[in-house]
Amino acid sequence: MGVAPVTAHEVDYGDVQGLVRFGHGKLTEATYALLRVKQLEAARAWLRSAPVTSAIPTSPPPTTALQVAFTADGLEALGAPAAVRAGFSPEFLSGITDESRSRRLGDVGANDPSLWEWGGRAAVPHVLVAFFAAPGRLAGFVQAQTGEAWTSGFEPLRWLETSQLDGIEPFGFADGISQPELDWPQARDLGAARNEYGNTVALGEFLLGYRNEYDKYTDRPLLELDSRSAGLLPATDAPDKQDLGRNGTYLVVRQLRQDVASFWRFLNRLAGGDRARADELAAAFVGRTKAGVPLAAMQPAAGPGAPRKAEAVRLNQFTFDADPTGVRCPIGAHIRRANPRNTDYAGRPTGLARLLADLGLGRKVFREDLTSAVRFHRILRRGREYGPGLSPQDAVALDPPDRRERGLHFICLNANIARQFEFLQNAWMSSLKFAGLSWESDPLVGNREPVPGCPMSDAFTQPRDAGPAHVVTGLPRFVTVRGGAYFFLPSLRALRYLSGA
Amino acid sequence: MTPQTSFMVLAPVDPLREAELRLLLDSMNDAPGRLKKPCPLVPFHDFDTLHVARLFLVDDQTTGDVAVYGIAPRRYPLYLAFLGDVDGGADAFYAELARRAGEGLRALFSCCMGFGPGADLVDWMRAHHVGASASYVNWRGRTVTQVREEAALREALAVQVRTDGLDSRHLAPREVHRLLRAAVRQAQGAGRLPLSPEAATPIGHKARNLLHLVGVPLVLLLASPVLLVLALVALVRLRRLEKTDEEICPRSDPAASAELSRLEDHDVTNQFTAMGSLKPGPTRLFITRFVLLAIDYTARHIYTRGRLARVRTIHFARWVFIDERQRIIFLSNYDGSLESYMDDFINKVGFGLNLVFSNGIGYPRASFLVGGGSKDERKFKEYLRRHQVPTQVWYKAYPGLTAADLERNVRLRKGLEATELAEPEAREWVSLL
């Protein structure tokens, strides 16, 4: 372990957009501009001069940050040749609103892209510019960056404002507690990874041009060397090609409206008005208490890549191994669906036992092997809340209920949208059949659309220790998708290439 | 136990009638990938022994790949394939098909070569029957009737648990079992929730199965001196071939992928049809046949209870040789989306896939038949997508139910039928409710 493979190439942090490495947490103000390219040369000129934040840490830390990403339509609008664009992944090229994809993502019914406020089939942005700033500095920063070139180059489709809810998402839960840690030194031992749940994930899962959890390179545009592509880095796996993807990644945005009033009113009704009981039920939905304490039992030893800060350890040092039937943390709880914290093999067999497991000749436990190994399906979350806060108490008490627009601008980074974000959304969040369940999707984000042959799709199962599971039925849809798009978050070199520098 | 059988009818399409046939196939769907219910042309929903069925045009886009071996691509006819998995024998099912779907099948098959107006449907189907070289059944002996009865039982149990508040009361698991058992027996007394007893295993099947169980290893054992020599020769040649065989895994055509996608994810289960040409030469043919024999053997005698090695999402699957064993078709019915299926393939049974598919032209480089191959995620996914063929018409008798659902329901029924459960069994049983 720990011996760097000979193919490891040091990461040029100056080439990576800062968002991959930092959540810009200290920059509590943020806004995302969704733009259409109006005038090519002006747009390119703005992109060339934009102070895009890199992943190099600075001291003192910056008070502003800016990141840029493009949709497939955007690359076309910026004049990227068709042959170059064809090298991007199929899901990026066909976009999040492709009808077959919508079926898989649960974007049907009220979530149908035809109902979206942006990103739907008619209003696809070209460019995403994310502005981050320390308290009180956002307006000035935005103003300074949106001068002449901006106004002549872009037509704003929408500004996604964010709000600072002190790390609490709109339903009232601590958010962003668990994040994968990128293996920047590329020293991950993939052999050991099969039997160990850890937080460290191969760099190639989040950054194109590096080895992923399969020890392979994810597909991306590799270009012939010419005067334009000369500014790019060569591909590690094909040194005669210039790597447009290297140090870049894909960024998924989904605007998720959260009906906080309906969430707490439903729980309050279930709990018969008992606030503590409503909190308990809500914690079962989420898999954590509002403060973020996991329902699953803490584990004595930290796994590899486990966070080091005491608080983070307290909230993150657990798996569900000791709770296979979901008595402590329901199988269908939000955090268990989003990250089952499992390994390649249940029971972590070695030697002969692993051979038997491979051949399927081991024990015949009902839930065994029903959930894929999580290490191939991690995402790096970078979302921010929007809209006014609403406490659980007010959500229940206010009459008429406060139904102002609020929610999450869900943002995640991943190198393979189909295998990471889409798999997670499809097989784990939306599927009624996750881990052997039957009639329920994610208690928070599920769309509750009926599924042919299933008597219901709006249940939530709380397994009990010695007795039939307690089943809550009639969950309303708490989250509605209001917009979304797939973006390419280029490296700084790729950005220069795309903006014609 | 009622054994399951797979049937498959394969016939070349009359080129002059291809367009008409495509329209007929499309007319069976409400929308691409969504079969009409009822479907007048072939009333699939009326057959209570039919698990899954499909109709598709054997439209292989990769026949030109053989050119990498310096062999001129052969021009194969476009075939129509009609196949399914049924309880009981294929012959009995062909007869039932002729009886209930005669007119529609005649309309379909009349677009094929050699089907005249006077053709006897059953004889014709039998004459065009193509057997599988290996087939997998998720749960041998589980009939459509059993699946439906057990699904109804499970739903009834779920309702009963809630009505009686068993999900909030603190009763001993054995007491819960006793109460539910009594409730079901009461319902059955009133003619509801039938649970048909298992039918006797046909004696012929029993004998054939036993003969297969013992016979295959016996023949292999007897032939082992020859086989070992052959295997050694094959291995040496195989390694040479593996180092030089070309990979053909280009980026898949977006339009073709989109067409395949439109047919997917309309149920919790999907169909998968893929085909390609075998690498030329006797070594590959020998290996493929041997591997399929082994898969068929294990599927028949070992993987009979919900698991194909570690994979628990496949309802039915089969491998079929066509065109003098120059081409092979893989057909399956799996739970989840294609991306999940690929995940299962790569992460759980990569070695098993390599055993068969690495003998197909263009497969990502394998080593010693089991290594590599599917481990190259990107190439493997492109390879499979490129070889996938649209399945124009697909039927599954129990929408909304995954193989895991079916297994849970079997376990629930079995437990319910036990007069008395010991404490640990009772505990496990109630946890499935």
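Modeller: To begin, this is a predicted model. Chain A has a mean pLDDT of 93, and 96% of its residues reach 70 or more. Over residues 1–8 of chain A, however, the pLDDT is below 50, and this stretch has eight contacts in the model beyond near neighbours in sequence.

Biologist: Why is A:G484 called buried?

Modeller: A residue is buried if 20 or more other C-beta atoms lie within 10 Å of its own. A:G484 has 23 other C-beta atoms within 10 Å, and is therefore buried. A:G484 is placed in strand 16 (residues 479–489) of chain A.

Biologist: Which residues is A:G484 in contact with, leaving aside its neighbours within four places in sequence?

Modeller: The contacts of A:G484 are A:I96, A:W116, A:G119, A:V253, A:R254 and A:Q255. As for A:H409, 75 residues apart from A:G484 along the chain, the two C-alpha atoms are separated by 9.1 Å.

Biologist: What span does helix 4 of chain B reach, and what is expected?

Modeller: Helix 4 (residues 144–163) of chain B has 20 residues. From its first C-alpha to its last it reaches 29 Å, close to the 28 Å expected at 1.5 Å a residue. Helix 4 of chain B is followed by B:G165, which has a positive phi, near 65 degrees.

Biologist: What covers the buried residues of helix 4 of chain B?

Modeller: Those buried residues include B:V144, B:L153 and B:V161. The cover includes strand 15 (467–472) of chain A, and, from chain B, strand 4 (50–58), strand 5 (79–87), helix 5 (173–189) and helix 13 (403–417).

Terms used. Residues are numbered from 1 along each chain as its sequence is written. Chains are lettered from A and ligands numbered from 1 in the order in which they are written. This is a predicted model: local features need pLDDT of at least 70, side-chain atom pairs count only at pLDDT 80 or more; totals for chains, interfaces and linings use all residues. pLDDT is the predictor's confidence in each residue, from 0 to 100. Two residues are in contact if their C-beta atoms, placed from the backbone, lie within 7 Å. Helices (H or I, at least four residues) and strands (E, at least two) are DSSP runs, numbered from the N terminus. The expected span of a helix is 1.5 Å times one less than its number of residues. A residue is buried if 20 or more other C-beta atoms lie within 10 Å of its own, exposed if 12 or fewer, and partly exposed in between; C-beta atoms are placed from the backbone.
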